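Please look through the sequence and the structure first, then read on.

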Amino acid sequence: MSIETPLLLDTVANAVVDYKGQRVLRSNSGGWRSACFIIGVEVAERFAYYGISCNLVMYLTEQLGQSTATAAENVNTWSGTASLLPLLGAFVADSYLGRYRTIIIASCTYILGLGLLTLSAMLPSISTSNYVGKNKVTLASSELQVNLFFISLYLVAVGQGGHKPCVQAFGADQFDGEDLVECRAKSSFFNWWYFGLCASTSMAMLILAYVQENLSWGLGFGIPCVAMVIALGVFLLGTRTYRYGIKEVKSPFVRIGQVFVTAIKNWRPKPSEIAIEEEACRTLPQHNSEQFKFLNKALQGKVCTVSDVEEAKAVLRLVPIWATSLGYAIVFAQTSTFFTKQGATLDRTIFPGFEIPAASLQFFIGLAIVFFIPVYDRIFVPIARAITSKPFGITMLQRIGTGMLLSVICMVVAALVEIKRLKTAKEYGLVDMPDVTIPMSVWWLLPQYLLSGIADVFTIVGLQEFFYDQVPSELRSVGLALYLSILGVGNFLSSFLVSIIEEVTGGDGKDGWFADNLNRAHLDYFYWLLAGISAVAFTTYLYFAKSYIYNRQSTI
């Protein structure tokens with residue numbers, strides 16, 4: 001007995017195995033030793049992704065000759081696609097391949113896309129810029145270059161579709177949720193995961209944006225490709241230390257789908273089946289038996305188990321939170337499009353002879369995150385824990401809501417700064433001189449970038465942890481894909497808004513809200529609109545969050 005007890009204590013409670021398919025011990029697998037390898041591959045992937053996305057709007061307008069509105073729509077459409085494809089990647093991973101294999105395949109696809117993207121940027125371009133009077137005219141790039149560019153860009157999106165939901169879920173799987181110490185470590189994992197992610201993102205925005213605009217776009221796209229090759233090698237080095245989930249015989253998608261189908265079939269039950277349903281409902285938790293009561297009909301005939309019904313209800317409870325988070329996602333989409341174009345018109349001189357690239361301003365979002373996450377994890381959480389007696393200081397939904405409120409404030413600040421920018425352009429007679437730098441320091445944009453970063457610490461990290469924790473354990477890749485889909489749909493909604501507003505305000509040769517000459521545009525109106533949308537979404541979110549029933553009470 002004295003020999004077996006330490007082994008039992010060291011055994012991981014979750015249904016996981018090692019790379020040989022054998023049961024694992026806590027002392028020689030998982031935890032931070034494995035998570036570090038996985039965080040490493042995510043750091044490189046984010047470095048690659050933001051090395052492309054942060055300056056994409058500038059490449060489309062300056063190298064491919066697209067208008068500001070068209071470029072913004074293309075960026076939002078690509079970002080939206082890249083954020084929705086993880087739903088497909090997560091389905092494949094959770095149903096067929098498993099997370100480990102999906103990560104490897106997705107990484108190879110990612111590397112192929114980055115390689116072709118580098119090639120497209122190095123092709124001889126016939127893009128030239130000429131001036132006709134005061135107007136800058138950009139001729140189109142070659143058709144081959146444009147086609148290869150967009151094919152490779154969407155190949156990167158496909159690679160991210162398999163990579164993004166699986167890597168983070170696989171990393172969190174390295175911590176045993178049934179062990180108190182590892183459970184707390186898992187909560188910190190989400191914080192430090194985002195810390196590493198944003199540190200690499202900041203480096204990409206600071207270094208790669210400068211390389212792309214001042215040295216070579218080919219080199220600027222090639223460095224991320226090399227980074228992904230190295231990252232894949234690092235990920236493979238940790239293979240022997242990882243904890244791997246055991247695939248269930250019956251797919252979780254089938255189980256949950258069967259609950260909905262059976263509930264519909266039993267909409268008008270026989271008297272004998274009603275008694276079976278009532279008896280089965282007595283085994284449901286009190287707080288769970290009345291919510292989404294129509295799903296209890298799936299218990300008739302004993303086709304579905306109580307556990308299946310609970311899982312279906314847990315998934316359904318996520319829908320209002322998902323939908324009301326879209327207002328935040330629309331604001332999130334602006335940092336890589338109109339914020340960047342705003343910065344390009346201002347005085348970006350850091351010291352004589354050096355100008356910070358407009359895309360590198362996004363570095364301050366990452367800087368705010370990198371600074372604030374340790375403050376949140378090491379100072380805010382312990383203080384809040386002492387006050388509220390909650391394991392993580394505040395609930396996941398309270399954390400998400402705090403970030404939403406900050407995003408509303410961010411849009412208000414952005415609108416006020418844009419009003420100041422337009423006023424300065426008018427005072428100096430620069431309204432019809434879009435290529436002349438406005439004598440207004442780029443540091444005026446700093447508050448909106450910092451607010452955006454701090455809001456991300458609350459909402460983005462909160463959404464990651466929430467959607468990972470509140471779905472059935474076999475669907476955690478899908479849970480994180482649902483979180484990513486919020487950002488994806490937010491990008492599409494942003495693109496849709498831009499298209500509609502451009503059609504309404506910019507027709508018949510008028511200077512609309514998104515005129516190529518930003519000195520005649522009205523981004524301030526757009527920012528006020530987004531502040532209103534965000535405020536409405538936040539209010540609706542509070543209503544649903546207040547009545548939300550957590551799937552795992554221990555993780556509140």
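## Confidence of the model

The structure is a predicted model. Its mean pLDDT over the chain is 80, and 85% of the residues reach 70 or more.

Two stretches call for caution. Over residues 126-140 the pLDDT is below 50, although the model gives this stretch 27 contacts beyond near neighbours in sequence. Residues 1-9 also have pLDDT under 50, and for them the model has 2 contacts beyond four places in sequence. Where pLDDT is low, the predicted coordinates should not be read in detail.

## Overall make-up

The chain has 556 residues, and 56% of them are buried. Its secondary structure consists of 19 helices and 8 strands. Of the contacts between residues at least 6 apart in sequence, 79% join residues at least 24 apart.

The accessible surface of the chain is about 23,600 Å². Carbon and sulfur atoms account for 65% of that surface.

## A nonpolar patch on the surface

Five residues are named here as a surface patch: Leu 88, Phe 91, Tyr 96, Leu 97 and Ile 105. The patch is nonpolar, and together its residues have about 480 Å² of accessible area. Helix H4, residues 68-97, supplies the largest share of the patch, with 4 residues.

Tyr 96 is one of the patch residues and lies in helix H4. Tyr 96 counts as exposed because its relative accessible area is 56%, where the cut-off is over 50%.

## Salt bridges within a helix

The whole structure contains 8 salt bridges. One of them joins the side chains of Glu 42 and Arg 46, with an N to O distance of 3.9 Å. Both residues belong to helix H2, residues 31-53, where they are 4 residues apart, about one turn of the helix.

Are Glu 42 and Arg 46 buried or exposed? Glu 42 has a relative accessibility of 1%, so it counts as buried. Arg 46 is buried as well, because its relative accessible area is 5%.

## Salt bridges between distant parts of the chain

Arg 99 and Asp 173 form another salt bridge, and their closest N and O atoms are 2.2 Å apart. This pair links distant parts of the chain, 74 residues apart: Arg 99 is in helix H5 (residues 99-122), and Asp 173 is in the loop between helix H6 (143-172) and helix H7 (180-214). Arg 99 and Asp 173 are both buried.

A further salt bridge is made by the side chains of Arg 520 and Asp 432, at 2.6 Å from N to O. Here too the partners come from distant parts of the chain, 88 residues apart. Arg 520 sits in the loop between helix H18 (476-505) and helix H19 (523-546), while Asp 432 sits in the loop between helix H16 (396-427) and strand E8 (438-441). Arg 520 is partly exposed, with a relative accessible area of 35%, and Asp 432 is partly exposed at 44%. Elsewhere, salt bridges with shared partners connect Glu 42, Glu 45, Arg 46 and Lys 164 in one network.

## The surroundings of Thr 241

Thr 241 is part of the loop between helix H8 (217-237) and strand E4 (244-245). Its side chain reaches the backbone oxygen of Gly 238 at 2.9 Å.

Which residues are in contact with Thr 241, leaving aside neighbours within four places in sequence? They are Ser 29, Gly 30, Arg 33, Ser 34, Phe 37 and Gln 174.

Definitions and conventions
Residues are numbered from 1 along each chain as its sequence is written. Side-chain values use heavy atoms; hydrogens and water are left out. Helices (H or I, at least four residues) and strands (E, at least two) are DSSP runs, numbered from the N terminus. A polar contact is a pair of N or O atoms within 3.5 Å; within protein, one must be able to donate a hydrogen and the other to accept it, and residues adjacent in sequence count only if both atoms are side-chain atoms. Contact means heavy atoms within 4.5 Å. pLDDT is the predictor's confidence in each residue, from 0 to 100. Patches are made of residues with over 30% relative accessible area and no salt bridge: like charges are joined within 9 Å, nonpolar side chains (Val, Leu, Ile, Met, Phe, Trp, Tyr) within 5 Å. Accessible areas come from the Shrake-Rupley method with a 1.4 Å probe; for residues, only the protein chains shown count as cover. A salt bridge is a side-chain nitrogen of Lys or Arg within 4 Å of a carboxyl oxygen of Asp or Glu. Buried means under 20% relative accessible area, exposed over 50%, partly exposed in between (1.4 Å probe, protein chains only).
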